[in-house]
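Let's take a walk through this structure together, one side chain at a time. Have the model open as you read along.

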Amino acid sequence: MSQPKLRIVMLNDSQGRALVILPGDELLNLVSVWKHTQRQLQPLSAHDSETFFSQEALSAEKGVRQLLTLPVLIDSGCKLDGDFDVLEPNSGRVLRLNSVLLGDNVQYCKLGISAAAIDAKQPEGNDVAVITRAVEKFTTLRIKQRLEDTLGLPTLPPTAQKIIELRADPNAGVDDLVPIVQMDPSLSAQVMSWAASPYYAAPGGIDSIHDAIVRVLGYDLVVNLALGVAMGRTLQLPTDTPRGSTPYWLQALFCATLSEKLAKQVPADKRPRPGLVYLTGLLHNFGYLTLAHIFPPHFSLVSRYIEANPHLHHEYIEKQILNVTREQIGAWLMETWNLPEEVVKGIRYQNSMSYDGEFQQYAQIIDLSLRVMRINGMGDGPAGAIPSDLYERLGLDVSKVQETFQLLHDKTDQLDEMTNFLEAG
């Protein structure tokens, strides 16, 4: 059965609840709701919406009639006549409604915005120009000669700078890494904790940083995790996030680990460097932290829009609210901080199936990992079907990818424990 062309959203405020009906593929513009109703109606959380619309009572006409006693806002582009179906995305519930049942509680107004309309009003220019215009438009910051100075972003800590230099040196090894880790007490404690984690199940005791790197974790992993921790210290995790969303560091660590495992399955002639794939996955969502740092009030609005539009990818919501996406600003920041070009391109184009430029495999693997995670109930945003050509372009087997995910998912509790070390960094 095909999906209904309309969707239903429940909102509430101190005065009570209301319903919205709009085209299923469009973004619900909360600002339009607020202007039309003169109420600050907010979307239910994904969990609350799923719980409400999963009620057995809504299977009967009596329950539907009771639901429609609430005020109903309908997008003016909807043509409703007779019976029609609406989908509630969080629960997957399809309700059969009738235009007669709507009664007198209905108001029509323009509520939805199509993805094409959002794209059409985006500013032109390269990423730096787009970020600059967004900063000028949505903050009181004045653009200085260097954009990074304007944003007031903390400079990278010395540990991170040294690790980046180490990563760029093809002749660097464990003996170069150990002193850097040992100079940072917090990082030293985390490396020892990772090595002792049940996830790695290392035989025997871990006696030193050198032992942890050589015998358990490996040079590449410690470099990447250490860099992720050091960079994570520069920005605080936002608090006003979409309710019920996957914790930031759990998603980052899971994506990094899954992406690295998939990279190792790519045929040798087009295989990216697994260590850099891991780093790309670990930092793939760093732009999210940056948006929260630069646009605090608007970031809260982005969170509410994500809750109201679970069927839409976050890039359309960020374009609508901020005119810039986390991928654009995250990639720019990685380039500013002199991270490898593979990481920059992987972060920037992780949602761009059409990208076929340099280091495209890095973006494609992150894209695939995030899609697999969403399909299996991890991560945020719509699951959707994974295009078969994404597997084909990477030379990966569908069943083996799912098997890899499941093996990693079985260790989620152990990965979750490791995120405590990252959050404490």
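A word on exposure before we set off: a residue is called buried when its relative accessible area is under 20%, exposed when that is over 50%, and partly exposed in between, using a 1.4 Å probe and protein chains only. What you're looking at is a predicted model, where local features need pLDDT of at least 70, side-chain atom pairs count only at pLDDT 80 or more, and totals for chains, interfaces and linings use all residues. Residues are numbered from 1 along each chain as its sequence is written, and side-chain values use heavy atoms, with hydrogens and water left out.

Let's begin with Ser-45. You'll find Ser-45 in the loop between strand S4 (42-43) and helix H2 (46-53). Helices (H or I, at least four residues) and strands (E, at least two) are DSSP runs here, numbered from the N terminus. Ser-45 counts as buried because its relative accessibility is 8%. Its side chain reaches over to the backbone nitrogen of Asp-48, at 3.1 Å.

Now for the charged pairs. How many salt bridges does the structure hold? There are 15 salt bridges, each one being a side-chain nitrogen of Lys or Arg within 4 Å of a carboxyl oxygen of Asp or Glu.

One of them brings together the side chains of Lys-110 and Asp-75, at 3.8 Å from N to O. This pair links distant parts of the chain, 35 residues apart: Lys-110 sits in the loop between strand S8 (106-109) and strand S9 (112-113), while Asp-75 belongs to strand S5 (residues 72-75).

Next up is the salt bridge between Arg-96 and Asp-85, whose closest N and O atoms are 2.4 Å apart. Arg-96 lies in strand S7 (residues 93-98) and Asp-85 in strand S6 (residues 83-88), so this pair ties together parts that are eleven residues apart in sequence. Arg-96 comes out as exposed, at 51% relative accessibility, and Asp-85 as partly exposed, at 25%.

Glu-341 is partly exposed because its relative accessibility is 29%, while Lys-345, at 18%, counts as buried. Finally, salt bridges can share partners: that's how Asp-240, Arg-243, Arg-304 and Glu-307 are joined into one network.

Key: A polar contact is a pair of N or O atoms within 3.5 Å; within protein, one must be able to donate a hydrogen and the other to accept it, and residues adjacent in sequence count only if both atoms are side-chain atoms.
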